[in-house]
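Let's take a friendly walk through a structure, starting from a single residue and moving out to a place where two chains meet.

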Amino acid sequence: MLDPLLVRFVEAPDLACAEQELQDLVEQHALPLAEAIVARKLRAFTPGAAAFEPRDQHDVVGDALTTLVERLWRLREGDGDPIVNFESYAATVVRSACAHEIRRRHPQRARLKNRLRYIFSTDRRLALWTSGDEVVCGRAEWRGRPIDRAAEQAVGRRSIEEDWLSMERDRLTRAIVDLVDGSAGPIGFEAFVAVAAARVVEPRGVADASFMASARGPDQEQAIDQRRFLAQIWEEVGRLPVRQRIALLLNLRDPRGSGILWLLPIAGVATLREVARVLEIPPGEFFELWRDIPLDDAAIAARLGCTRQQVINLRVSARKRLLNRVGRVSNDARNRAGNLLPFSTSLKGDV
Amino acid sequence: MSTHLTDVELEKFAEGRLRSDDLMRADDHLAQCAECRARGAALNDLFRSTDAVTSRLTSPGMHLSEEEIHLAASEQLEPSQRATLGRHLHDCATCSQQVDDLRGWSRRPVRRARPLAIAAAILIAALIPTVLWLAHPTRQNESASTAGLAQLSPSDQAPARASLEAGVGRLPDYMNDLTGSRETLMSPAPPTVDAFALVSPVATATADDRPTFQWRPLAGAESYVVTVFDERSNEVTRSAPVDHATWTPDRPLLRDRTYVWQVAARRNNRTIIAPVAPMPPAKFHVVDAHTADVLERVQSQRPEPHLLLGILDMNAGIVDDAIRQFEQVGPTDEGVDLARRSLDRLRLLRTP
């Protein structure tokens with residue numbers, strides 16, 4: 001059964017009404033919820049140097065709302081199961097975006113956490129359960145009990161001398177059992193992970209799995225195919241309505257949050273002048289703007305004279321069209337991007 | 001052409017730290033100079049950045065929860081989750097690496113410290129059966145049933161090795177779309193006098209880009225016309241009227257595409273279509289050229305490596321061929337359990 005909150009949006013007679021209903025849904029329900037959850041999740045997570053900044057929070061909220069709005073449009077088109085509880089669903093989407101951001105920024109810690117969860121879930125001496133909103137861990141016979149705050153604090157004072165991520169399964173199991181045995185009661189899983197990850201070292205700066213994935217570098221064929229695929233995407237971007245192009249490109253950033261439009265001229269796909277032309281921004285103004293790119297949604301909204309939520313809508317529409325036209329991206333697909341499209345005519349030579 | 005850009009300028013260009021007049025000059029120069037573009041690509045890691053951006057532009061919705069990462073790594077996902085999460089893992093490097101890491105780590109053999117003497121005794125005790133095992137005919141069977149695997153490129157080997165490691169063959173993502181229609185086809189449909197069934201290819205992939213379409217004859221039918229559509233319902237090809245229940249298109253279909261087909265039978269000046277509502281469209285997928293080439297090469301080996309072919313066919317979604325290959329895996333072959341588990345999965349797709 002569909003959440004009554006969504007009925008007006010789903011049954012709106014035309015696109016304009018639907019967009020208005022969606023804006024109300026996002027601004028009145030999803031956005032406050034997303035900002036609260038993201039602030040709490042990211043603030044609570046401060047292991048080591050790479051703490052989250054307000055800008056990160058905006059990005060995560062933007063990503064979560066983009067995912068949510070995409071799902072809502074699909075719902076209106078009759079695609080997918082009905083959303084029974086909108087706020088609960090929105091919270092799930094936001095938590096997923098937060099978890100992803102944390103994993104992306106702290107991949108090693110995330111790996112260790114997965115392993116800890118694996119052992120707590122599979123070793124018969126140990127258990128993982130929920131109590132209220134919290135995930136709790138401890139000895140199997142404690143299952144169902146709430147967190148013992150005193151025990152948790154005591155464990156939090158334990159110092160770990162070794163990098164648990166380097167341990168094989170049996171050693172890690174022994175280390176966990178030792179730590180649990182030394183505690184007087186159930187511990188919050190997040191607190192346990194914080195103790196266990198004390199010696200985990202992330203790669204330099206902000207790490208990202210997709211960056212670490214291809215440390216070996218491409219072969220020539222891969223690089224050529226990839227450039228073709230980028231050219232294909234660029235061509236499709238040029239066919240989007242200009243407001244969608246602006247919402248998409250001015251916010252575009254790499255997994256570390258830096259601007260990424262530089263890759264178009266470096267890849268030989270488009271010059272910055274061409275990017276400016278596609279964005280319908282005078283080149284001089286665009287070159288001045290360059291240092292500030294990527295812009296956050298509030299800045300793009302100010303430029304377009306619309307709300308932040310409308311910027312998200314524009315970006316959702318742009319991505320939807322790109323997905324339809326370019327297809328779902330995967331490494332395979334990228335590596336065998338079928339159509340050979342002409343590169344920018346103003347670029348000479350080959351990379 | 002202006003003077004080449006320095007490495008520092010190229011780095012500043014990517015970091016957004018050039019002044020606007022320098023930025024303009026750099027942009028103009030890069031438009032003309034392949035050498036500086038190449039250096040800029042190397043300095044700024046163009047490949048990884050492009051990969052990340054193309055992923056982001058077409059990024060795949062909700063990410064896996066920690067529980068889902070655990071289930072995916074342990075191959076315990078429910079069938080209903082498998083397709084959705086599989087698609088996400090295909091597209092999301094962050095999630096897929098977390099799954100791969102956990103899978104690899106959890107399957108790594110547990111090493112236990114043993115006193116040297118015990119280890120030596122175990123080693124000696126193990127030597128004799130090992131020698132016997134190596135000489136045993138079943139060992140030869142095992143290598144015969146996967147012969148040719150090592151000759152494939154690493155990227156072609158990887159999915160087959162993943163299946164060997166998982167102990168069961170895997171189906172491609174697009175099977176969800178194809179078998180979805182199959183499952184509905186098999187749901188109880190009101191029988192009608194005029195109904196006739198499409199036989200092949202339905203809910204499968206095919207390596208042949210000119211597949212032979214087969215259907216059950218309709219009593220009294222004078223002729224049939226086959227029409228093939230793409231996924232957007234555009235007509236791709238259509239047969240001339242044929243008087244028997246089979247047709248092969250003259251021209252190849254585009255590869256790496258999913259198609260829908262139907263047959264219009266003509267009888268007593270009436271046209272009878274199959275499939276007809278409430279039955280869903282009959283779908284099939286023509287595999288990409290590379291997959292077809294790999295399959296052809298492995299199929300040309302003699303004797304046929306049935307286990308490997310079954311795995312490759314299953315990975316490509318060529319259901320009936322995969323079943324046929326797995327059925328031929330010998331009972332003494334070490335891959336017999338994999339074949340049995342894979343057959344269970346494949347037959348589910350073929351069982352009403």
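## One residue in a helix

Val278(A) sits in helix H13 of chain A, which covers residues 272–279. Helices here are DSSP runs of H or I with at least four residues, strands are E runs of at least two, and both are numbered from the N terminus.

This is a predicted model, in which local features need pLDDT of at least 70 and side-chain atom pairs count only at pLDDT 80 or more, while totals for chains, interfaces and linings use all residues. Residues are numbered from 1 along each chain as its sequence is written, and chains are lettered from A and ligands numbered from 1 in the order in which they are written.

## Around Val278(A)

(Buried takes 20 or more other C-beta atoms within 10 Å, exposed 12 or fewer, and partly exposed lies in between, with C-beta atoms placed from the backbone.)

Leaving aside residues up to four places away in sequence, Val278(A) touches Val237(A), Gly238(A) and Arg245(A). Contact is when C-beta atoms, placed from the backbone, lie within 7 Å.

## Chain A as a whole

Chain A holds 17 helices and three strands. Of its 351 residues, 42% are buried.

## Where chains A and B meet

Ala110(A), Arg111(A), Asn114(A), Arg115(A) and Tyr118(A) in H5(A) meet residues of H7(B), including Trp105(B) and Asp101(B).

Definitions and conventions
Two residues are in contact if their C-beta atoms, placed from the backbone, lie within 7 Å.
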